[in-house]
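Me: I'd like to go through this structure with you, a few spots at a time. Could you start with the aromatic side chains once it is on screen?

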Amino acid sequence: MTDVRNMLPAADAALLDRLVRTLPPGTVLTGDAISPRYQEDRRDRCSAKPLFVLRPSSTVEMAAALAACHAYRQPVVVQGGRTGLSGAHRVLEGEAVLSLERFTALGQIDPDSATIEAQAGVPLQLVQEAASRAGLMFGVDIGSRGSATIGGNIATNAGGIRVMRYGMFRAQVAGLEAVLADGTVLTSMKHVEKDNTGPDLAQLFVGSEGVLGVVTRARLRLHPQPVVEANAFLALPSAEAALDLLRRLRKAMGGMLSAFEIMLPEAYHGVCGHLQITPPLCTKAQVYVLAEIQAGPLALTAQDVFETALMTAIEENCVLDAVVSQSRREFQALWDMRDGCADFVRTLPNVANGDISVPVGRVPSFLRESQAALLAIDPGTVFLGFGHLGDGNLHYVFQTTRKEPATEQLLAMVAAYGGSVSAEHGIGMDKKPWLHLSRSPAEIATMRALKTALDPRLILNRRRVFDLPEGLQGQ
């Protein structure tokens with residue numbers, strides 16, 4: 001086989017020679033050994049072929065790999081499960097891939113602290129299953145749980161369906177290890193709850209999308225497994241009624257209300273057709289809601305309280321119709337329907353979308369005003385939105401033949417409502433043009449200052465999240 005190093009410029013060949021000498025066999029991939037999967041994108045957008053691929057399997061190997069790339073100013077793009085929806089994992093010309101696919105060690109659960117250690121390449125679902133076997137649960141759940149990795153979840157501060165009860169991924173991180181661009185290892189993996197010895201450096205890397213350092217390992221918080229778990233699917237006359245129901249259930253259930261999902265009619269009927277299932281409710285409505293409760297052993301009457309609150313809402317015309325799960329099979333079937341929404345909308349032509357958030361109390365007026373504004377741009381617009389009404393995060397999906405002006409209008413309205421242009425999928429490359437709508441100039445300047453301080457040669461995930469001033473060069 002031809003040695004690829006003989007076909008590269010001298011600097012690149014020298015870097016590869018150092019990497020091959022430093023790292024174990026199979027860690028460095030070049031030429032034909034590079035699988036096309038490193039260029040895959042869930043939205044089928046263009047990705048360059050990586051110059052080479054690095055697949056370290058330990059923190060020591062990661063540090064050595066980054067130290068070499070730092071020394072030779074070789075830019076790298078960090079990849080986990082490649083399920084991101086903002087393009088951060090796509091390869092730019094001249095970049096090498098730094099893959100976390102071999103960081104798959106999952107530790108034992110510490111029963112005293114109710115935590116578990118996981119390397120960055122562990123799929124989220126494996127953490128969930130390990131927690132379940134120990135009679136515990138992990139607080140974050142997302143549709144891509146089988147392929148999305150812990151490192152990627154941390155880097156994007158993933159949210160999902162139960163944020164209103166357990167918080168974003170940031171709240172699940174009890175400790176973290178990360179490697180800086182020059183190979184320096186930072187760790188906060190102590191088994192202590194209180195450590196007030198300065199700023200929590202670990203939190204710098206949560207939501208940073210790999211621009212400040214590479215997360216390699218984390219200690220994750222687990223929670224008591226619910227004894228009572230139930231959900232209900234409801235038809236409501238308006239988004240205002242859905243907000244009213246949310247307030248009623250919060251008052252009745254308190255912290256036991258774990259999820260409150262919204263679906264517009266076109267999304268609801270469309271996903272039922274896509275999954276070839278009978279719609280759980282035939283009642284026509286303006287919005288549909290999937291609500292869930294979780295309770296511990298001291299709240300065994302929680303389901304009775306839940307059903308009573310729903311019955312009162314029906315009697316007072318807040319809810320048109322409802323079905324409450326009576327078995328684990330029915331409970332899971334309702335969630336399968338909700339999980340299927342993302343796959344359904346990907347089958348449609350002319351789809352635009354926004355992973356947005358607005359203040360919860362303003363969701364009804366935002367839906368009404370934004371739909372009117374988008375219909376003025378394209379009267380044929382079809383709205384297929386769904387999302388997490390309980391925390392204000394809407395997956396604002398719509399079909400239009402005028403995607404660009406409609407998207408610009410939508411995100412401008414998000415900013416006017418005091419919302420975020422990216423609620424849980426990050427900025428990556430795709431949402432950079434709109435970062436300024438959600439972050440002030442001072443905030444963006446601070447992000448840039450952190451980047452240049454921790455990655456002075458600008459090799460990590462460059463051109464993601466934000467651009468640096470023209471002409472700025474790595475030191």
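Reply: This is a predicted model, and the structure holds eight aromatic pairs.

Me: How are the rings of Phe 366 and Tyr 417 arranged?

Reply: Their centres lie 5.1 Å apart and their planes stand at 80°, so the pair is edge-to-face.

Me: And which parts of the chain does that pair tie together?

Reply: Phe 366 belongs to helix H11 (residues 363–377), while Tyr 417 sits in the loop between helix H12 (403–416) and helix H13 (441–454), so the pair links parts that are 51 residues apart in sequence.

Me: Are Phe 366 and Tyr 417 buried or exposed?

Reply: Phe 366 is buried, and Tyr 417 is buried as well. Another edge-to-face aromatic pair is formed by Tyr 396 and Phe 398, with 5.9 Å from centre to centre and 80° between the planes, and both Tyr 396 and Phe 398 are buried too.

Me: Which residues form the aromatic cluster?

Reply: One aromatic cluster is made up of Phe 366, Phe 383, Tyr 396, Phe 398 and Tyr 417.

Me: Switching to strands, what is the order in the open sheet of four?

Reply: The order is E1-E2-E4-E3, and the pairing is mixed. Strand E1 (28–29) and strand E3 (76–79) stand at the edges with a single partner strand each, so one side of each has no neighbour in the sheet.

Me: How many bridges join E3 to E4, and do they run parallel or antiparallel?

Reply: Four bridges join E3 to strand E4 (residues 96–99), and the two run parallel; within E4, Val 97 is the bridge partner of Val 77.

Me: What does UniProt place at residues 46–225?

Reply: An unreviewed UniProt entry places the feature "domain: FAD-binding PCMH-type" there, at residues 46–225. Over that stretch, residues 46–225, the chain is 21% helix and 23% strand, with the end C-alpha atoms 42 Å apart.

Me: What does the side chain of Ser 258 make a polar contact with?

Reply: The side chain of Ser 258 is joined to that of Glu 292 by a polar contact of 2.6 Å. Leaving aside residues up to four places away in sequence, Ser 258 touches Ile 161, Arg 162, Met 164, Arg 165, Glu 292, Ile 293 and Gln 294.

Key: Residues numbered from 1 in each chain as written. Predicted model: local features only at pLDDT ≥ 70, side-chain atom pairs only at ≥ 80, totals over all residues. Heavy atoms only, no water. Polar contact = N/O pair within 3.5 Å; in protein donor to acceptor, adjacent residues only side chain to side chain. Contact = heavy atoms within 4.5 Å. UniProt positions renumbered as here; feature names shortened; annotations may be inferred. Pairing = 2+ DSSP bridges. Phe/Tyr/Trp six-rings, centres within 6.5 Å; stacked < 30°, edge-to-face > 60°. Buried < 20%, exposed > 50% of the residue type's maximum accessible area, 1.4 Å probe, protein only.
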